[in-house]
Amino acid sequence: MNSKEKIIALRDELREHNYNYYVLDQPIISDYEFDIKLKELQKLEAAHPEFYDASSPTLRVGGQVTKNFETIVHEHRMYSLDNSYSKEDLEDWEKRIQRILGNVQVEFTCELKYDGASISLTYEEGKLVKAVTRGDGFQGDDVTTNIKTIKSVPLQLKGDYPPKFDIRGEIILTLEGFAKMNQERIANGEEPYMNPRNTASGSLKLQDSALVAQRPLECLLYSIEGRGLSLNSQFEVLEKARSWGFKVPTVAQVCKTTSEVMQFVEYWDVHRHDLPYETDGVVVKVNNLRHQEELGYTAKAPRWAMAYKFKAEQVATVLHEITYQVGRTGAITPVANLEPILLAGTTVKRASLHNADQIAKLDIREGDTVFVEKGGEIIPKIIAVDFAKRPGDSVLTKYISHCPECGTPLIRKEGEAQHFCPNYTGCPPQITGRIQHFISRKAMDIEGLGGETVELLYKEGLIQNYADLYILTKEQIMPLERMAEKSAENLVNGVEASKAIPFERVLFALGIRYVGETVAKKLAKAYKNIDALMAASAEELVAVDEIGDRIAESVVQFFGEPSNVELVSRLKTYGLQFSLSEEQLESQTDLLKGQTFVVSGVFEAISRNDLKKLIEDNGGKVSSSISSKTSFLVAGANMGPSKKTKAENLGVPIISEQEFLEKVEK
């Protein structure tokens, strides 16, 4: 056997041992024997660099240093999940599903929700080529070098894998591995880590991959994204991924009813404590992938999945003081300042009290002993008061009547939960909050400018709004605290560079209430430029897909404010992008303007998402349900019979994929 053949044989053998040990938990050789073979392969590879392979088992030891983690846009967006806490929540969700799919039998796949750091792995021709953190769902950090050190992540797949796909999962630390890490830290006189989840997440951003390799991280996989995968159900996805070499938990179960789902939930709510990992709930997914396609997504989450959260951990502590924060929209948020307490692995000092109604409902007072919970929410919340421990001199909480920052009398509109400070142009936290939103990563992403610098620039009188950023000079910035010449240069250059940010992100950056990233994209696509949007009435805005009354009224109100119109006018003169690019405009027409389409079934020539994009790019509207206002039902294979029946009853024309494509190609 020559050197090349030896190297290939050793790689194959070590991959198999790696799979047996880290994925199946069934080793057939000792650690010592494995190390001997690994060292032999390392020597051979060092002697023959011409046979380098990026998926070699020797690369798992780490050693590469990453100074800056490159930001990568996800080819397939990573959505978050809606939460449920009761059987009633699940039943309501099932009813929403049935309204869209029609009267069809829906099965569910139940999987445990592991508490780790989300990751997306890209494989091409069976080799790991990229690993990207979830980030904001649209883009994340490239942590491929660190992920390659995790033994349960296959570098080379086996079996009948597709040519290219993304697989999603959680990077976790086992409870045993986490405990051992902390024992070593304490023995070395270091502070122990607080919880496995944060430690796993922090591990992915370590600059030295050799340090990552020393941590007992694992990767548990649960979903696949890609084209032409020829898979029919979520349960099949899990089985296939397991056969290709991924570590996929075997506890998943197919349930035919929400009652069966609840049995799964109730069982694991008790037995989760026997697991080697932390888990905080159950993810319930519609099993049929065709049904998933039909259901689609809201702006934030898939309609076909729901996270059922286990009962959250609760602790009791003392509420010392209630303070009030002012947000960029003027909304007042009461905050409970607590005696620090350890909860779910983190030290909690503050909890949101939401609004005046919540304080009154629970009768929360300063000096109370309160029960704090950290369940589905990131921010802890107070759920009850221990009245037996209430002090004798307790005083009823009187909600503030004036803004704590500017002294303006607060208002509370009918139907609104929160009080607001109406001093839009003169309240400091509102002013700096809007500027901080404007410069944020998802908006203008201005390099060299952070929240603290915004506060400093405002305090020194250099800016009163986000348009003022574009007239700042290096000479004005340099005398400020912590501002050297280079910092001032970076800030001015970052502001200048932001002029190239596309229209939809500029629109999001303006800070119109209820206009998030997705809504900004919808409005930009529908109106194409800021002038058309500013002239739109509430009735016209509601006609745009996914724009409701609340958003429409907020947009009209924003542009009805003369100070906002002036800001937009100034930003225009400074060269910001207030219309779609030529390239974006070229891809759009008004061919389908005023027409509403429902898309159902499986398509051959074009994917469902691309078909929907074609409708929107040509001025049409996509709806998930058929009504008398539906112009056409575009029918693919395996379309639900209820949709066909409803379309026929309402006289809605049913057209094929080919007929639709001919319509837009005219």
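**Reading strands, helices and burial**

Colleague: How many bridges join strand E12 (residues 314–326) to E15, and in which sense do the two strands run?

Modeller: In this predicted model, 5 bridges join E12 to E15, and the two strands run antiparallel. Two strands are said to pair if DSSP finds at least two bridges between them, while the elements themselves are DSSP runs numbered from the N terminus, helices (H or I) having at least four residues and strands (E) at least two.

Colleague: Before we go on, what should I keep in mind about the numbering and the values?

Modeller: Residues are numbered from 1 along each chain as its sequence is written, and side-chain values use heavy atoms, with hydrogens and water left out. As this is a predicted model, local features need pLDDT of at least 70 and side-chain atom pairs count only at pLDDT 80 or more, whereas totals for chains, interfaces and linings use all residues.

Colleague: How many residues of strand E15 (residues 369–373) are buried?

Modeller: Buried means under 20% relative accessible area, exposed means over 50%, and partly exposed lies in between, with a 1.4 Å probe and protein chains only. By that rule 4 of the 5 residues of E15 are buried, so that the strand is mostly covered.

Colleague: Is Asn195 buried or exposed?

Modeller: Asn195 counts as buried because its relative accessibility is 7%. This residue lies in the loop between helix H5 (175–187) and helix H6 (196–203), and its side chain reaches the backbone nitrogen of Asn198 at 2.7 Å.

Colleague: In what order do the strands of the sheet that contains E4 stand?

Modeller: A sheet is read strand by strand, and here 4 strands form an open sheet in the order E5-E4-E7-E8, with antiparallel pairing. The edge strands are E5 (127–133) and E8 (217–225), each of which pairs on one side only. From one strand to the next the twist averages 30°, where axes are lines fitted to C-alpha atoms, for helices over the stretch in contact, and angles between N-to-C directions run from 0 to 180 degrees. Strand E4 (residues 117–124) is joined to E5 by 6 antiparallel bridges, and Ile119 stands opposite Thr133 in E5.

Colleague: Which strands does helix H6 lie across?

Modeller: H6 lies across E4, E7 (164–173) and E8, running at about 130° to E7, and such packing is judged by contact, meaning heavy atoms within 4.5 Å. Helix H8 (residues 234–243) lies across E7 and E8, at about 135° to E8.

Colleague: What is the pairing in the sheet that contains E17?

Modeller: That open sheet has 4 strands in the order E18-E17-E19-E20, and the pairing is parallel. Its edge strands are E18 (621–623) and E20 (654–656), and its twist averages 35° from one strand to the next. Helix H23 (residues 608–617) packs on the sheet, touching E17 (596–600), E18 and E19, and its direction makes about 175° with that of E17.

Colleague: Which helices do the buried residues of H13 pack against?

Modeller: In H13 (residues 451–459) the buried residues are Thr453, Val454, Leu456, Leu457 and Tyr458, and they pack against H12 (428–439) and H15 (485–497). Just after H13, Gly461 takes a positive phi of about 80°.

Technical notes: A polar contact is a pair of N or O atoms within 3.5 Å; within protein, one must be able to donate a hydrogen and the other to accept it, and residues adjacent in sequence count only if both atoms are side-chain atoms.
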